[in-house]
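User: Could you take me through this structure? I would like to begin with the whole chain and then turn to details.

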Amino acid sequence: MTDHRLILFRGMNTGGVRAPVADQRAMAEALGLGNPRTLLASGNLVVESDRDPRDLQAEVEAAMAATFGLKIAAMVRTAPDWSRLIAACPFPAEAAAHPSKTLLMVMKDGVRDGALETLRGFTIGDERVETTDGALWFFHPDGIGRSTMAEQASKVRLTGMGTARNWNTVLKLAQMVGVTA
């Protein structure tokens, strides 16, 4: 049985990193991935595949380099993985009330030791951060733009390699892979 794979790119369409979504879909087809679909232009690709997520990450990263000349990290999750992440959200009330201020950071290799405690040291006001299932969760009630914690969370040396999506995007991706929140 073929399952869905969510491919999340780190830093897509930021800082000059560009790969048109139509070309991303074409790249996925060239890799033999079924029914490629994108969400927004910010690095969200959904495909049908039964490939191991770790193997697919490496294949997609190599294809991004060959196709676009981009050295860009990809995080691949299955639909059941996505469902578990959604269920593990430590801020469900905040996510429902403020979906654009609630973020999930999907990590490539888990959260670095000490990162959670360090990030908590950068919180301002009612900001919060938690970790579940090797992912980081953030709530920025005053927005991300003024958040020192958000700035620090983007530093790979501190947290590990990851890419963040707000709750709205998390739920849209869930719909694309048939996961109910």
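This is a predicted model: local features need pLDDT of at least 70, side-chain atom pairs count only at pLDDT 80 or more; totals for chains, interfaces and linings use all residues.

User: How many helices and strands does the chain have?
Analyst: There are eight helices and eight strands. The radius of gyration is 16 Å, close to the 16 Å that the globule rule gives for 181 residues, so the chain is as compact as a globular protein of that length. Along the principal axes, its C-alpha atoms fill a box of roughly 50 × 35 × 25 Å.

User: What share of the residues is buried?
Analyst: Buried residues make up 46% of the 181. The accessible surface comes to about 8400 Å², and carbon and sulfur atoms account for 50% of that area.

User: On to helix 1. Which of its residues are buried?
Analyst: Gln24, Met27 and Ala28 are buried in helix 1. Viewed down the helix axis, they fall within an arc of 100 degrees, so they line one face. The face turned away from that buried side carries Glu29 and Ala30, which are exposed.

User: And what covers the buried residues there?
Analyst: The cover includes strand 1, strand 2 (34–38), strand 3 (44–49) and helix 2. Just after helix 1, Gly32 adopts a positive phi of about 85 degrees.

User: Now helix 2. Which residues are buried in that one?
Analyst: In helix 2, the buried residues are Pro53, Leu56, Gln57, Val60, Ala63, Met64 and Phe68. Their arc around the axis is only 135 degrees, which puts them on the same side of helix 2.

User: Why would such a spacing put residues on one side?
Analyst: An α-helix has 3.6 residues a turn, so residues three or four places apart point the same way.

User: What does that side pack against?
Analyst: The buried residues of helix 2 pack against strand 1 (3–9), helix 1 (21–30) and strand 4 (74–78).

User: What happens at the ends of helix 2?
Analyst: Asp52 caps the N-terminal end, with a side-chain oxygen 2.9 Å from the backbone nitrogen of Arg54. Just after the helix, Gly69 has a positive phi of about 70 degrees.

User: Changing topic: where is Lys108, and does it count as buried or exposed?
Analyst: Lys108 sits in the loop between strand 5 (102–107) and helix 5 (115–120). Its relative accessibility is 17%, which is under the 20% cut-off, so Lys108 counts as buried.

User: Which residues does Lys108 touch?
Analyst: Leaving aside residues up to four places away in sequence, Lys108 touches Arg54, Gln57, Glu61, Ala73, Ala74, Met75, Arg77 and Met161. One of these, Gln57, is also among the buried residues of helix 2.

How values were computed:
Residues are numbered from 1 along each chain as its sequence is written. Side-chain values use heavy atoms; hydrogens and water are left out. Buried means under 20% relative accessible area, exposed over 50%, partly exposed in between (1.4 Å probe, protein chains only). Helices (H or I, at least four residues) and strands (E, at least two) are DSSP runs, numbered from the N terminus. The arc is that of the directions from the helix axis to the C-beta atoms. Contact means heavy atoms within 4.5 Å. A polar contact is a pair of N or O atoms within 3.5 Å; within protein, one must be able to donate a hydrogen and the other to accept it, and residues adjacent in sequence count only if both atoms are side-chain atoms. The radius of gyration is taken over C-alpha atoms; the globule rule is 2.2 Å times the number of residues to the power 0.38. Accessible areas come from the Shrake-Rupley method with a 1.4 Å probe; for residues, only the protein chains shown count as cover.
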